[in-house]
Amino acid sequence: MANHLRGDQPRSVAVTGLAGSSESFLLHALASEFNNPVLVVARHSDEAADLYEDLLTLMPEKKLGYYPSRQILPYDFRAPVGEIMGQRLSTLSGLLDGDKSVIICSVRALMEPTITVRQLRESRVDIRVGAEIDLDDLTARLVHLGFRRVPLVEEVGDFARRGGLIDLFTPGHEHPLRVELFGDDVETIRTFEVGTQRTIGQLRHVSILPKREIPITPETLERELERLPETDADYIRHRSLNDPALP
């Protein structure tokens, strides 16, 4: 099978009779054979989630990506769940970095529009221990990425700044991060519990991802509203002013 797929001419290979976990073993073997990532498209979200859980027992989590659907209908006036957005963005970011060997999604997830490669590459903020950063510039970039400044970080997309220390909860991370500076140099990057504020672990590097897949700024919003009838544009403009997290 691998030899057929390696040929010069693209071809399809039908595999039947797979039962139980044999599908996971086959995908793991294919991922080991090829340098390019393997994209697995399941019919339904439940099938994609089950396959992801099976593959977690066969390969490192860092090498495996799960790309869920937003679970909202097109034009539904609700924002996607923060955890789902985080999974989608972190999977795309890992694919961009070449870290993912297998990406699992459903047909619906594959059809949904998302951020472009250029937008994702330009919007990510990389922070490393020992690197020099400007806190004012970082604060401005977080706001641009859709983060909300709060007194205490509790949810994905929150950030708080106190002197030479900044807390933030970036999509794709289970826990918020605390970046501590000495002057302009990053001294430590720590993960901490929301409830207790106690440190869980330390990192050497982190990529801060945008809060949403579709980057919206006042400038881009107005550019799109110009294409709508005036009544509709005024309605969306009013909603946006009163709800910054407008979906």
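Trainee: Why is Glu-155 called partly exposed?

Mentor: Its relative accessible area is 48%. Buried means under 20%, exposed means over 50%, and partly exposed is what lies in between, with a 1.4 Å probe and protein chains only as cover. The value of 48% falls in between, so Glu-155 is partly exposed. The model is predicted, so local features need pLDDT of at least 70 and side-chain atom pairs pLDDT 80 or more, while totals for chains, interfaces and linings use all residues. Residues are numbered from 1 along each chain as its sequence is written, and side-chain values use heavy atoms, without hydrogens and water.

Trainee: What makes the contact of Arg-148 and Glu-155 a salt bridge?

Mentor: The term requires a side-chain nitrogen of Lys or Arg within 4 Å of a carboxyl oxygen of Asp or Glu. For Arg-148 and Glu-155 the N to O distance is 3.9 Å, so the pair qualifies. Arg-148 is partly exposed, at 42% relative accessible area.

Trainee: Which residue forms a salt bridge with Arg-148 at 2.8 Å?

Mentor: Asp-158 does, with 2.8 Å between the closest N and O atoms. Asp-158 lies in strand 6 (residues 158–162) and Arg-148 in strand 5 (residues 148–149), so the pair ties together parts 10 residues apart in sequence. Helices (H or I, at least four residues) and strands (E, at least two) are DSSP runs, numbered from the N terminus. Is Asp-158 buried or exposed? Asp-158 has a relative accessible area of 3%, and therefore it is buried.

Trainee: How do you know that Arg-237 and Glu-222 form a salt bridge?

Mentor: Their side chains meet at 2.9 Å, N to O. The pair links distant parts of the chain, with Arg-237 in helix 9 (residues 230–242) and Glu-222 in helix 8 (residues 218–225), 15 residues apart. Arg-237 is partly exposed at 26%, and Glu-222 is partly exposed at 31%. Elsewhere, shared partners join Arg-70, Arg-88, Arg-108, Glu-112 and Glu-213 into one salt-bridge network. The count for the model comes to 16 salt bridges.

Trainee: How do you know that the buried residues of helix 7 line one face?

Mentor: In helix 7 (residues 135–144), Leu-135, Leu-138, Thr-139 and Leu-142 are buried. Seen down the helix axis, they fall within an arc of 100 degrees, so they line one face. The arc is taken from the directions from the axis to the C-beta atoms. An α-helix has 3.6 residues a turn, so residues three or four places apart point the same way. The face turned away from the buried side carries the exposed residues Asp-136 and His-144.

Trainee: What is the phi of Gln-71?

Mentor: Gln-71 has a positive phi of about 65 degrees although it is not a glycine. Gln-71 lies in the loop between strand 2 (64–67) and helix 4 (82–97). Its relative accessible area is 52%, so it counts as exposed.
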